Amino acid sequence: MRYAILYDSHSGNTAHVAQTIRHTLPEAECLCFYSAHEALKKPEAFAQADLIFYGFWADRLSCPEQSQQLLAQLPPVKIALFGTAGFGEGDAYFQKILDNAAQYLPQGATLVDRFMCTGKMPLSVQEQYLKLLQDPVMKAQAEQMLKNYDMVKGHPDAKDLQDAAAFAQAVYQQAAN
């Protein structure tokens, strides 16, 4: 079964998960492993895939605009979504992001499964939160955001990557049947 791995990574977290998926599945069956930027330029590379793994970073409770564009252009095949989010750790939050992103899938595509894990945030985010500490109205919220920033620093961690590998294997086996 031929598959493709496409991903949109802002700070490297989603790319890390994509690499884990790539190294988990049979290499000979992989048609392409592209960033979203590359994939938008070469849609013929994944046009013949039976299964597409598409990864993205969370942006405003969904996927970023570039991902929205690419998801809409995917062929109507089996698709597995995966992603990373730096805020709001928890299954309900992750499912909301994945549900919102799934709305951009093309008509006729089959969403096989989805996976999301926590990802670290860039240093620039911490700097923004530190500035907010100076605002008396935002101080309590900024303290909570900094606490979350510290909590996600080491992600995706080894367990996240093991879970991503298990997700990829299960999806591949399910799609093959």
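1. Gly 55 stands opposite Phe 82 in β4, within a pairing in which seven bridges join strand β3 to strand β4 (residues 78-85), the two running parallel; strands count as paired if DSSP finds at least two bridges between them. The model is a predicted one, in which local features need pLDDT of at least 70 and side-chain atom pairs count only at pLDDT 80 or more, while totals for chains, interfaces and linings use all residues. Residues are numbered from 1 along each chain as its sequence is written, and side-chain values use heavy atoms, with hydrogens and water left out.

2. Strand β3 (residues 51-57) is mostly covered, with six of its seven residues buried (under 20% relative accessible area, with a 1.4 Å probe and protein chains only). Helices (H or I, at least four residues) and strands (E, at least two) are DSSP runs, numbered from the N terminus. Strand β3 is also joined by five bridges to strand β1 (residues 3-7), again running parallel, and here Tyr 3 stands opposite Leu 51.

3. Five strands form an open sheet in the order β2-β1-β3-β4-β5, with parallel pairing. Strands β2 (30-35) and β5 (110-118) stand at the edges, each with a single partner strand, so one side of each is left without a neighbour in the sheet. The twist averages 10 degrees from one strand to the next. For β2, the partner is β1, to which five bridges join it in parallel, with Ile 5 opposite Phe 33 in β2.

4. Helix α4 (residues 91-102) packs on the sheet, touching β3, β4 and β5, and its direction makes about 140 degrees with that of β5; contact here means heavy atoms within 4.5 Å, and axes are lines fitted to C-alpha atoms, for helices over the stretch in contact, with angles running from 0 to 180 degrees between N-to-C directions.

5. Helices α5 (residues 123-132) and α6 (residues 139-151) pack at an angle of about 155 degrees, with their axes 8 Å apart, and are therefore roughly antiparallel to each other (a term for angles over 145 degrees). The residues of α5 that meet α6 include Leu 123, Tyr 129 and Leu 132, while those on the α6 side include Ala 142, Met 145 and Tyr 149.

Conventions. Buried < 20%, exposed > 50% of the residue type's maximum accessible area, 1.4 Å probe, protein only. Parallel < 35°, antiparallel > 145°, perpendicular 65-115°, else oblique.
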